[in-house]
Amino acid sequence: MIITKPRTNLDVMLDRVTQAARSPEAIRPAAVGEALADFVHDPQLLAGIACPCCPDRYIRHLLHADPEGGFAVVALVWRPGQMSPIHAHHTWCALGVHRGTLTESFYQRGADGQEPTTTATCLRRAGDISHGAADPDVIHRLANLGGTNALSIHVYGVPYERFGSDVNLVYSA
Ligand SMILES: [Fe+2]
């Protein structure tokens, strides 16, 4: 007897993300962001998947690795006060906020090795998305400045094994 597991909303989202990640490079980050936008607000999206936080820093949990190695999908869990470094990306990326609220700040490079300076700040609430190309001048930081944990779902265009070296171009901690 073959038992077929019912497809979850997460399965459907990952199919949509996979399809979008195969689209032409110029539209890929926006297409993946749109795929996330249709699902990321669903409170049951990660039902049954443990995504614990870490007291010391924001932490990621692998949700899906593309079998072809083109991308991976992770959940990032942010306790109040936890934030990313100021960074750009070596790869395209898209994210959607699942729970809580994140503050996304954008920066321009400082002249002559100075610290980057802030150019804009946006609140990203549950259901909101953001995306960007691989571009050393698209510089941002995500931070949980709220009072409750936040969880965001991110897609990056490299295999998960390369996340440590090939995702973030860090400008400042
Ligand atoms: Fe980023």
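View A. Three histidines supply the protein donors of the iron ion: His87 (NE2), His89 (NE2) and His140 (NE2), each lying 2.1 Å from the metal. Donors are N, O and S atoms within 2.8 Å of the metal (3.2 Å for Na, K and Ca), and water is not among the atoms, so sites may look incomplete. This is a predicted model, in which local features need pLDDT of at least 70 and side-chain atom pairs count only at pLDDT 80 or more, while totals for chains, interfaces and linings use all residues. Residues are numbered from 1 along each chain as its sequence is written, and side-chain values use heavy atoms, with hydrogens and water left out. The spacing of the donor residues in sequence is H-x1-H-x50-H. His87 is buried at a relative accessible area of 4%, and His89 is buried at 6%. Buried means under 20% relative accessible area, exposed over 50%, and partly exposed in between (1.4 Å probe, protein chains only).

**View B. Packing of helix 1 on helix 2.** Helix 1 (residues 9-21) and helix 2 (residues 28-37) pack at an angle of about 170°, and their axes are 8 Å apart. The two helices are therefore roughly antiparallel. Helix 1 contributes Met13, Arg16, Val17, Ala20 and Ala21 to the contact, and helix 2 contributes Arg28, Ala31, Val32, Glu34, Ala35 and Leu36. These residues divide into 8 nonpolar, no polar and 3 charged. Axes are lines fitted to C-alpha atoms, for helices over the stretch in contact, and angles run from 0 to 180 degrees between N-to-C directions. Angles under 35 degrees count as roughly parallel, over 145 as roughly antiparallel, 65 to 115 as roughly perpendicular and the rest as oblique. Helices (H or I, at least four residues) and strands (E, at least two) are DSSP runs, numbered from the N terminus. Contact means heavy atoms within 4.5 Å. Nonpolar covers Ala, Val, Leu, Ile, Met, Phe, Trp, Tyr, Cys and Pro, charged covers Asp, Glu, Lys and Arg, and the others, Gly among them, are polar.

**View C. Surroundings of helix 2.** The buried residues are Arg28, Pro29, Ala31, Val32, Gly33, Ala35 and Leu36. They pack against helix 1, strand 4 (93-99), strand 7 (129-132) and strand 9 (150-156).

**View D. Aromatic pairs.** The structure holds 3 aromatic pairs. Tyr58 and Trp78 are stacked, at 4.4 Å centre to centre and 15° between the planes. Tyr58 lies in the loop between helix 2 and strand 1 (59-65) and Trp78 in strand 2 (residues 72-78), so the pair ties together parts that are 20 residues apart in sequence. Tyr58 is buried at 14%, as is Trp78 at 1%. Tyr156 and Phe163 form an edge-to-face pair, at 5.3 Å and 90°; both residues are buried. Ring pairs link Tyr156, Tyr160 and Phe163 into a cluster. Rings of Phe, Tyr and Trp (its six-membered ring) pair if their centres lie within 6.5 Å; planes under 30 degrees apart count as stacked, over 60 as edge-to-face and the rest as tilted.

**View E. Ile153 in strand 9.** Ile153 is found in strand 9 and is buried, with 0% relative accessibility. Beyond its neighbours within four places in sequence, Ile153 is in contact with residues including Met13, Leu36, Leu63, Val74 and His98.
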